[in-house]
Amino acid sequence: MLERLKEFASEFFVTGDPLIYGADVAIGITIIAIVSVLTYFKKWGWLWRNWLTTVDHKKIGIMYIIASIIMLFRGGVDALMMRLQLAMPNMDFLHPEHYNQVFTTHGTIMILFMAMPFMFGLFNVIVPLQIGARDVAFPFLNALSFWLFFLGAMLFNLSFVIGGSPDAGWLSYPPLSELSHSPGVGQNFYIWGIQISGIGSLATGINFMVTIIKMRAPGMKWMKLPMFTWSVFSTCIIILFAFPILTVTLALLFLDRFAGAHFFTLDLGGNPMMYINLIWMWGHPEVYIVVLPAFGVFSEIVSTFSRKKLFGYKSMVFAMLIISFLSFFTWAHHFFTMGSGADVNAFFAVTTMLIAIPTGVKVFNWLFTMYRGRIRMATPMMWTIAFIPCFIVGGMTGVMLSVAPADFQFHNSYFLIAHFHQVLIGGVVFGYFAGLYYWWPKMFGFQLEEKLGKWAFWTWNIGFYVCFMPQYAVGLMGMTRRLSTYGWDTGWWELNFVSTIGAFLMGVGFLFQVAQIADGIRKYKTLKASGDPWDGRTLEWSIPSPAPEYNFAVTPRGDDVDEWWEEKERRAKGIHPPEPVYEPIHMPKNSSIPFIMSVFWFVAGFGFVFGWLWMAILGLAGVGICMIARSFSYDTDYYIPVDEIKRTEASLRGSV
Amino acid sequence: MAQAAAKHGENHAHGHDHGHHDPQEMKILGFWFFLISDVILFSVLFATFIVLRDNTAGGPILSDLIKMPGVIAETFLLLTSSFTSGLAVLAMNQGKVKQLINWLIITAVLGAGFLALEIYEFVEMVHEGFSYTTSAASGAFFTLVGTHGLHVSLGLIWMIGLMFQLKKRGITDVTRGKINVISLYWHFLDVVWIFLLTIVYLMGVM
């Protein structure tokens, strides 16, 4: 009995690697610390009532962002470990198997568990405030989306200490990801972690589309919509069409592994190439999903900090919509070398080049907005300005890669690695950082001090170029991706060494940001932000920071793109809005179902990972019961009485 | 009935006070978007089936196993159930809760009949050596048709749940929204079945 238990444990837990043992201890200590702090300060009830069961879009947004920053840390540590391994030839820091796991989890976490939730966090906090709404269209579904993402991410991360991490690359190409080549449970963790959080992403896409279509403030016509909201809308269109493809693709891979089907296997008629087509039909739109909201953020910031209307509003809108359409017709450029033939390659090369045109339009719009503007160099604006040259270089190397014949040279080299990091870090990460700094006072009610933020900005930026510029060169010299070590005779080591220094500089930049936030939290009372700390232009700045739970005491109007700016102009001329007439506000009630249902999804996912059918059935039954319970509950909302609104407004406005 | 009407009035007032967004209208729009995502889901499965249907790896071929009479009976049952679910909505719009529940029961029974025939068809195929793991083609067939069957099964459970809610609460704004949504869903499954019938079965035997 004991022997069997031991044997089980040695397979169940990841063993034999000192790095993992270290992580085990760290995770254990963190959990004990969190549990004891919550118990000591008697905060369990507070946690449950205010966060775990909340349906308030602002709190959900904050939880998304916190989770994504934790994931940024984990993905970043993965990156630094890889850079350490590659710093010198013949390094023996990570074994090849461990290296495979690290690059797989780095990619998956950064895209799906860092970029996506960061983006959803910004959607949640800002979109309802920008369009003058009290909440999103489906607050319950919104909470469910968050918890599905969170528990999906936890399931994926669990693979690190239990069962073993996936190691077939961030998109898990078969046949490598099939049972024949990856018999362990790592791939199952990959499939179920992404699957569970993917359902949440799809639901968020639907939720925000309906929110933007149906809940805009009176007067806010489509061409009066703030640009960030437009970017969210175009992103949601892509999510709606792309995420079901991912769901099916992963489901089919799972059926291959679990039920013995032959969709992508090498035997009995399976077709691995089909997986690669399907996954990129989702995967390419996915990169536009994450980058479009960043474009939206930049548009808001550039206009606010140049004190000018956004240049070329309509062309910006059309550029975004064209990108969301074209993003579905470029997927095959990820495998020009796989022998689709000249005609197919030519088609996808042309569509890929076409998509650079609307992107170029946007860059000019931002530049012309700044032209003759009164520019203020606050941190959000600095990230925006740094983004432009970075994204231009990233975009140009993208056009180079889209030239199909030339791609045979670039394919899977470090040139490609440098390219997509340049657009994803320079575009997405810089954009979300800019957005976080910009909307931080709105989220938390206090300003962050600029000094540490500027240190963070410069270390990140210098680190970025030091890290990735050498990678273009080393890629052209023949270094391929996913290489765990190389010899002295390759001539690659100097460039790799420089690249590693750059990576650590970015790590230092991250530490500066953590210090900046910690410092802000310590001094938050002295850093109190007004409702409109940046002299903003859109409706979110017209209400106190942080926003009250009902957002707007009185539904605002949205007659102009920069409605709040126009309102301020009117007030300066002495035209004041009429005294507000309050009415009871209709609000959704908190619910524990989203959290509990997601926990059941986690249980089901865990059961499927290890092939324990009883556990999977138990989990799915729990999910079903939660759905029925929700369908049968009719007491889902309440009204905030006028007295309470008056009291809240008086106390908030008094301090503004 | 009068009670139902009164309740309806009350909920209606809630839905439209102080320029509030109508939650039922938003739910229907949201459900349309969900259906779009479901269309994509089925499109991927159809594409997979079309790519893999000839990859039989020397095993049985689907077209030899299709028994059209059974398939036609399934089609008849599902199409009729779509019609009866439409009648259910008509009854709802006239405020006749009992008639509504009865039509839903008939819809559910027809749906269950469809499922029974489909399961019988699957079992027959497995007996003839065409099982899930036989080849890429068999796996693609069972996954595509089975996903539709799974949708029908979930719809049945959902419909039964709604019958209880109707019995308890009558026709209110909320239950009306729910019935509208499930009837959309049911018609959608019907449309998917037409494509299954054409692409999987008719193109298979021709």
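1. From the N terminus on, chain B runs α-α-α-α-α-α-α, which makes seven helices and zero strands. Helices here are DSSP runs of H or I with at least four residues, strands are runs of E with at least two, and both are numbered from the N terminus. The C-alpha trace of chain B spans about 65 × 30 × 25 Å along its principal axes.

2. Some housekeeping. This is a predicted model, where local features need pLDDT of at least 70, side-chain atom pairs count only at pLDDT 80 or more, and totals for chains, interfaces and linings use all residues. Residues are numbered from 1 along each chain as its sequence is written, chains are lettered from A and ligands numbered from 1 in the order in which they are written, and side-chain values use heavy atoms, with hydrogens and water left out.

3. Have a look at α2(B), residues 23–52: its 30 residues reach 43 Å from first C-alpha to last, close to the expected 44 Å (1.5 Å times one less than the number of residues). At the start of α2(B), a side-chain oxygen of Asp22(B) comes to within 3.1 Å of the backbone nitrogen of Gln24(B).

4. On annotation, the unreviewed UniProt entry puts "domain: Heme-copper oxidase subunit III family profile" at residues 29–205 of chain B; such annotations may be inferred rather than shown by experiment. That stretch of chain B is 86% helix and 0% strand, with its end C-alpha atoms 39 Å apart. The unreviewed entry also lists "transmembrane region" spans in chain B, including 140–164 and 184–204. Residues 140–164 of chain B are 100% helix, with end C-alpha atoms 37 Å apart; residues 184–204 of chain B are also 100% helix, with ends 29 Å apart.

5. Now the A–B interface. Contact (heavy atoms within 4.5 Å) takes in 34 residues from chain A and 39 residues from chain B. About 3,300 Å² is buried between the two chains, 72% of it from carbon and sulfur atoms; buried area is the accessible area (1.4 Å probe) lost on putting two parts together, summed over both.

6. Between chain A and chain B there is one salt bridge, meaning a side-chain nitrogen of Lys or Arg within 4 Å of a carboxyl oxygen of Asp or Glu. The partners are Lys214(A) and Glu25(B), at 2.5 Å, N to O. On the side of chain A that touches chain B, α7 (186–214), α8 (227–259), α9 (272–306) and α20 (613–632) each supply at least two residues, and α8(A) gives the most, with eight residues.

Technical notes: A polar contact is a pair of N or O atoms within 3.5 Å; within protein, one must be able to donate a hydrogen and the other to accept it, and residues adjacent in sequence count only if both atoms are side-chain atoms.
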